[in-house]
Amino acid sequence: MRILLLLLGTGTMLFAVGGRWDIAAAAWIFPVLLLRFTRLSGVGTGALWILLAHVAAAVFWIQESAIGLNPVTAAGAAALAAVQTLPFLADRLLVGRLLVGRLRPAVAACVFPAAVAGGEFLITVLSPFGTAYGSLAVTQYGDLPLLQIISVTGSYGIGFLIAYFASTVNRLWERPSWRGGLVYGAVLLAVALAGGARLAFSPAPSTTVRIAGVSPGRAVTDELAATLGRITGGSAGIAAAPASTVRPAMTAVENDLLAATRREAAAGAKIVVWPEEAVKTQEAHRSDAIAAAQEQARRSGIYLEIGLRVYSTTAPSYGRDEAILIDPHGRALWTYQKAHPIPGSEKFTPGDGRVPVADTPYGRIADVICYDGDFPAMMRTRADIMLVPSHDWKEYGGAHTMKASLRAIEAGYSLVRQDAEGVSTAYDNKGRVLATTDYFTTGQQTMVAYVPTHGATTIYDRIGDLFAWLCLAGVAALTLTALTRPWRPASARSRTETDRSTD
């Protein structure tokens with residue numbers, strides 16, 4: 001029985017890791033099975049198997065997403081798995097003690113969900129992976145009524161609800177009682193109804209702005225990739241290569257983007273967004289690339305956001321990942337440098353993490369780059385429209401864009417993610433899709449959306465991660481309470497709980 005629970009739980013968890021093969025229901029099922037396994041197992045044995053199950057899930061996500069298994073990602077998988085094991089261990093160690101005396105089973109049932117939500121929060125703030133892995137909220141992508149809760153709790157509220165379901169089911173499994181199920185049902189129903197009401201009664205946007213996201217065509221990007229691939233020495237080699245070797249292919253990409261920008265501006269776009277690293281340039285020619293974009297913005301009378309990969313001869317990073325917003329007068333409003341290079345694959349010197357914001361006729365516009373969107377604290381910015389130039393790859397682009405949509409609901413702004421070699425999507429501040437395109441199903445990826453120019457202030461924006469801190473405080477309080485009580489075997493707990501059901 002225990003082995004079957006472990007196998008089924010682990011197998012189900014593979015489809016709830018925040019990847020392209022996620023199944024929403026799997027996220028609700030696997031914690032039920034694995035929690036039941038730990039409650040039927042010894043403390044050490046159960047924790048070890050749960051750890052191995054989470055390591056397997058993390059490795060599966062790495063392979064599924066084509067991230068590449070290397071020492072950095074392997075170490076990250078093991079560390080994340082250890083954190084994800086702690087809620088199961090806490091439940092196993094604390095619940096038995098908490099049920100001694102008159103403490104209600106409903107209180108003990110909060111150990112696991114509070115620990116899951118707190119664990120997700122710790123992963124976000126302590127690890128270099130943010131919400132890229134370890135958050136259950138993204139598995140519920142598309143269930144907008146449910147997801148509205150994150151405008152209050154952050155993404156951790158979804159993890160709490162899913163884990164609370166697992167704890168409740170296990171409580172009913174051990175001692176059938178209508179009370180536990182009724183309490184959870186009421187909570188979930190309240191969340192769904194409140195979320196549905198938020199969607200149904202939110203006012204229609206009074207004004208919108210036409211935003212176009214353009215990526216370079218495949219022919220010119222393939223030619224540039226082939227050109228750079230022939231140069232040895234990686235980024236340092238490209239930075240030091242003769243301009244005559246790389247400049248023609250780089251310029252072809254620039255010209256392609258400028259032509260697409262002119263086309264979309266002529267069609268009515270007021271803001272045009274290029275993806276991350278849309279233009280690749282050596283340091284010596286960086287100013288030329290920016291000047292050409294400035295001239296195009298001035299001639300078209302648009303706001304133009306450009307992404308630059310600058311190859312520099314300066315060690316150790318040999319380059320920068322930049323985003324520049326240019327106004328209709330051709331002035332650069334900011335030069336933003338990516339704050340969170342991807343661990344194990346990007347060696348850029350990170351930026352300072354201060355999200356730039358500019359007041360425009362189309363609301364307050366802000367800007368981050370790709371992986372920065374996986375860090376909720378950084379993304380909690382007072383803005384109306386958040387631009388997220390990105391550059392993913394086929395196996396991960398769609399899932400990564402789904403993760404970014406959560407930031408729009410949390411912070412109350414519309415979010416436009418232009419993703420080269422991925423899925424580009426524009427969302428409003430409730431997470432509704434305004435437009436979307438897939439790089440791999442179009443000859444030249446262009447996304448056009450009418451985006452609301454006014455955002456909304458959310459409770460999460462005001463209180464930040466208070467819910468997550470309360471969950472951590474709750475776990476600490478329950479731990480202290482448990483330490484003052486003796487532990488009892490499961491059979492004794494079951495008898496006491498049966499007696500209480502008749503109270």
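Predicted model: local features only at pLDDT ≥ 70, side-chain atom pairs only at ≥ 80, totals over all residues.
Q: Where α4 passes α18, is the crossing left-handed or right-handed?
A: The crossing of α4 past α18 is left-handed, meaning that the near helix is turned anticlockwise from the far one by less than a right angle (clockwise would be right-handed). Residues are numbered from 1 along each chain as its sequence is written, and side-chain values use heavy atoms, without hydrogens and water.

Q: At what angle do α4 and α18 pack?
A: Helix α4 and helix α18 (residues 466-483) pack at about 55 degrees, and their axes are 8 Å apart. Axes are lines fitted to C-alpha atoms, for helices over the stretch in contact, and angles run from 0 to 180 degrees between N-to-C directions. The angle therefore makes α4 oblique to α18; under 35 degrees counts as roughly parallel, over 145 as roughly antiparallel, 65 to 115 as roughly perpendicular, and the rest as oblique.

Q: Which residues make that contact of α4 and α18?
A: Leu94, Arg97 and Leu98 of α4 meet Leu478, Thr479, Thr481 and Ala482 of α18, where contact means heavy atoms within 4.5 Å. By class, 4 of the contact residues are nonpolar, 2 polar and 1 charged.

Q: How do α3 and α4 pack?
A: Helix α3 (residues 43-64) and helix α4 (residues 71-98) pack at about 140 degrees, with axes 8 Å apart. The crossing of α3 and α4 is right-handed. In α3, the residues in contact include Ile50, Leu51 and His54, while those in α4 include Phe88, Leu89 and Arg92. The contact of α3 with α4 has 14 nonpolar, 4 polar and 1 charged residues.

Q: And why are α11 and α13 described as roughly antiparallel?
A: Helix α11 (residues 218-229) and helix α13 (residues 243-266) cross at roughly 160 degrees, their axes coming within 9 Å. They are therefore roughly antiparallel. The crossing of α11 and α13 is left-handed. Among the residues in contact are Val220 and Leu224 of α11, and Val246 and Met250 of α13. This contact of α11 with α13 has 8 nonpolar, 3 polar and 1 charged residues.

Q: New topic: how many strands form the open sheet?
A: The open sheet has 6 strands, in the order β7-β8-β9-β11-β13-β14, with mixed pairing. Strands β7 (357-360) and β14 (433-438) stand at the edges with a single partner strand each, so one side of each has no neighbour in the sheet. From one strand to the next, the twist averages 20 degrees.

Q: How many bridges join β11 to β13?
A: Strand β11 (residues 414-417) is joined by 3 bridges to strand β13 (residues 423-427), and the two run antiparallel. Arg417 stands opposite Thr425 in β13.

Q: Where is the peptide bond that is cis?
A: The bond from Ala315 to Pro316 is cis, with omega near 0 degrees. Pro316 lies in the loop between β4 (303-311) and β5 (319-326). Most peptide bonds are trans.

Q: What is phi of Glu277?
A: Phi of Glu277 is near 55 degrees, a positive value in a residue other than glycine. Glu277 is in the loop between β2 (271-273) and β3 (279-282).

Q: Finally, what is the mean pLDDT of the chain?
A: The mean pLDDT is 93, and 96% of the residues reach 70 or more. Over residues 490-503, however, the pLDDT is below 50, and this stretch has 23 contacts in the model beyond near neighbours in sequence.

Conventions: Helix = DSSP H or I, 4+ residues; strand = E, 2+ residues; numbered from the N terminus. Nonpolar A, V, L, I, M, F, W, Y, C, P; charged D, E, K, R; others polar. pLDDT = per-residue confidence, 0-100. Pairing = 2+ DSSP bridges.
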